[in-house]
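Subject: Structure handover

Hello,

Please find the structure below, followed by notes on what was found in it.

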Amino acid sequence: MIVKRNANKLSKLNRLLLWINYIFIISLLFSVASKYISPDSFWILAFFGLAFPVFLLVNVGFIIYWFSQFRVHGLFSMIAILISAKTCLGFVQIDFSTKSISNKDIKVMSYNSMLFDLYNWSKNKQSRNLILTSLAEENPDILCLQEFYTSEQKGDFNNIDTVTNLLTAKNNHIEYTTTLRKEDHWGIATFTKYPILKKGKIEFNTRSNNICIYTDVLIKKDTVRIYNMHLQSISFSKADYKFIAEVKDDSTDTKDEVEKSKSILRRLKRAFVKRGKQADVINVHITNCKYKIIVCGDFNDTPASYVYHTIRGNLKDAYTESGSGFEQTYAGKFPRFRIDYILHSKDFKSKQYHHLAETLTDHYPIITYLE
């Protein structure tokens, strides 16, 4: 009854804003629920998960708005944000600790290398050399590369030999998803300085270039399994990216807006469903693993997604353990969120997670040290 009397005292504008506030509260709760429901069962929720940061910020805005008027209505959004707090931590962190690095720590790096700019997307002829120089400067103990390319005949693009010569991590596990002319290979690669005991792969029975590999290595007396994965991408066409750019510039042709929007939504839906199925397969494999685990990869999905929640399971997230600030690992046009991850068993302790400030691909390299 108290809430009802307060509502009656609201102006017409505030009553309208209150209903809009309710819509965004429900949307925020739906976005949290999307982590627990497979897109294959109810794909609409995945769109709410993708928009989680937007719903979160709008609700923060409503809290400020209502409290600035000394109204209790801001409590509704505040409760919704408290419910979503765990999901929030996947997007933003404040880390006041100063964990020093030891030479006994394991330096792990994950990077979608975008084929080392094979097709010169960056419009920079030096991009491959700069990418390789960056890898050499970081010199990780474990390096997981997604979108890996190598050629057996083109000397300049024999990336297996090049990367091996640059790093202390001389041992490698490479699997190909596409091979042309028996010499040009596209796939995924893990390089490590630790002895490799076993290699394996998880295939997704799809025509796309998505795959997950696992590499068992010996670290001191422990067997550690490294998962390296590249999950289903949205696969926007050039027309889709052009449309997104036009929307940002407010220069779209209204006649084509509906059809182009439908094309984008269809691609998003297809990717959500495929990634959900891939995550289920990987989750079963990780659950049955008896070793300590390190997971690296381009999930192509945010921390508010079913994919992230399913693959993470009981693992720790290096960013939430030792990262700081608002994290984004995708450097492309859409969406600029965190979609690359380093996860690990509770046996490890993460230190100084960060991403490199510069990149010549559409992803930032991410790095952590594991104790």
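To begin with a charged pair, D184 forms a salt bridge with R181, with the closest N and O atoms 2.4 Å apart. A salt bridge here is a side-chain nitrogen of Lys or Arg within 4 Å of a carboxyl oxygen of Asp or Glu. D184 is buried, at a relative accessible area of 0%, whereas R181 is exposed, at 58%. Buried stands for under 20% relative accessible area, exposed for over 50% and partly exposed for what lies in between (1.4 Å probe, protein chains only).

Before the rest, the basis of the values. This is a predicted model, with residues numbered from 1 along each chain as its sequence is written, and local features need pLDDT of at least 70, while side-chain atom pairs count only at pLDDT 80 or more. Totals for chains, interfaces and linings use all residues, and side-chain values use heavy atoms, with hydrogens and water left out.

Salt bridges

By the rule above, the count comes to 12 salt bridges. One of them joins the side chains of D216 and R225 at 2.7 Å, N to O, and both of these residues are buried. Another is between E371 and K351, at 3.4 Å, N to O. This pair links distant parts of the chain: E371 is in the segment after strand 14 and K351 is in strand 13 (residues 350-355), 20 residues apart. Helices (H or I, at least four residues) and strands (E, at least two) are DSSP runs, numbered from the N terminus. E371 counts as partly exposed at 47% relative accessibility, and K351 is buried at 8%. Through shared partners, salt bridges join D105, K351 and E371 into one network.

Nonpolar cores

Which residues touch the most other members of the largest nonpolar core? They are Y227, M229, V295, F299 and I311, out of 20 residues in that core. A nonpolar core is a set of buried Ala, Val, Leu, Ile, Met, Phe, Trp, Tyr and Cys residues joined through side-chain atoms within 4.5 Å. At least two residues of this core come from each of strand 7 (211-219), strand 8 (222-230), helix 11 (254-287), strand 9 (292-298), helix 12 (306-312) and strand 12 (340-344). Leaving aside neighbours within four places in sequence, I311 is in contact (heavy atoms within 4.5 Å) with M229, L231, A279, I282, I286, V295, F299 and L343. Apart from this core lies another, of 19 residues, with L135, L145, I174 and Y369 among them.

D317

D317 is found in strand 10 (residues 316-317) and counts as buried, at 0% relative accessibility. Beyond its neighbours within four places in sequence, D317 is in contact with Y308, R312, R338, Y341, I342, L343 and H344. Of these contacts, L343 is 26 residues from D317 in sequence and 4.5 Å from it in space, C-alpha to C-alpha.

Helix 8 (residues 127-138) has 12 residues and reaches 17 Å from its first C-alpha to its last, close to the 16 Å expected at 1.5 Å a residue. The expected span is 1.5 Å times one less than the number of residues. In helix 8, the residues S127, R128, I131, L132, L135 and E138 are buried. Seen down the axis of helix 8, these fall within an arc of 135 degrees, so they line one face. The arc is that of the directions from the helix axis to the C-beta atoms. The buried residues of helix 8 pack against strand 2 (106-112), helix 7 (114-117), strand 3 (142-151), helix 9 (159-166) and strand 14 (366-370). After helix 8 comes N139, whose phi is positive, near 45 degrees.

In helix 5 (residues 74-83), the buried residues are G74, S77, A80 and I81. They line one face of helix 5, because seen down the axis they fall within an arc of 125 degrees. L82 and I83, on the other side of helix 5, are exposed. The buried residues of helix 5 pack against helix 2 (12-33), helix 4 (52-68) and helix 6 (85-88).

Cysteines

How many disulfides does the structure hold? The count is 0, a disulfide being a pair of cysteine sulfur atoms within 2.5 Å. C212 is in no disulfide, and the nearest cysteine sulfur, that of C144, is 9.9 Å away. C212 is buried, with a relative accessible area of 0%. C88 is also buried, at 11%.

Regards
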